[in-house]
Structure formats: structure tokens, C-alpha cells
Amino acid sequence: MAKPGHSWSRAPAGKEEEEEGEDPLDARIARTGCLEQHRELQECMEQHRDWRHCQTQLRAFGACMARREQREQ
């Protein structure tokens, strides 16, 4: 049976990321204006390895994305 959470981890920003260029997903999220909320959610997930401990960050990211959708309509 799989453990709760996920098994990925994000490499810390640094020289390696500069050499490879910007992550396409980060670039796409940055265009939404919600990159800060997304990064906070990623950091929480990396620390806790369980989305249930990251509800505040998850809601903040979801609210940001919902505001973006409303602006586009």
C-alpha cells in the first residue's frame, strides 16, 4: 500500500536551476500571478509530505487561481 502524500521533492533553487532554465510549470503559474502561493504550497508539501497538513496554503493557492479565472471572464 502506498504511503500518504507523494514521493516527489523539488530541488532547491540555485545553480542547477539556473543552468537548466526556468521550469515550464513555474513559468505557466507565474503568468497567473499565483506563483508565490504555489511555492508556499510546494514548501509545505516538501516539509510535511502530506497535503492534509497544507490546507491553508492549498486554499490560498486555490483562491488565487479562482480570482484569476474571474478576472478572465
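Arg39 has 32% relative accessibility, so this residue counts as partly exposed; that label covers anything between buried (under 20% relative accessible area) and exposed (over 50%), using a 1.4 Å probe and protein chains only. Keep in mind that this is a predicted model, where local features need pLDDT of at least 70, side-chain atom pairs count only at pLDDT 80 or more, and totals for chains, interfaces and linings use all residues. Residues are numbered from 1 along each chain as its sequence is written, and side-chain values use heavy atoms, with hydrogens and water left out.

So who does Arg39 pair up with? Its partner is Asp26, and the two make a salt bridge, meaning a side-chain nitrogen of Lys or Arg within 4 Å of a carboxyl oxygen of Asp or Glu. Side chains of opposite charge can pair when their charged atoms come close. Asp26 sits in helix α2 (residues 24–30) and Arg39 in helix α3 (residues 35–48), so their pairing ties together parts 13 residues apart in sequence. Helices here are DSSP runs (H or I, at least four residues), numbered from the N terminus. Asp26, at 2% relative accessibility, is buried.

By the salt-bridge rule, the count comes to three:

| Asp26 | Arg39 | 3.8 Å |

Asp50 is another buried residue, with 10% relative accessibility. Glu72 and Arg68 share helix α4 (residues 55–72), four residues apart, or about one turn of the helix. Glu72 is exposed at 55% relative accessibility, while Arg68 is partly exposed at 23%.

Note on methods. Helices (H or I, at least four residues) and strands (E, at least two) are DSSP runs, numbered from the N terminus.
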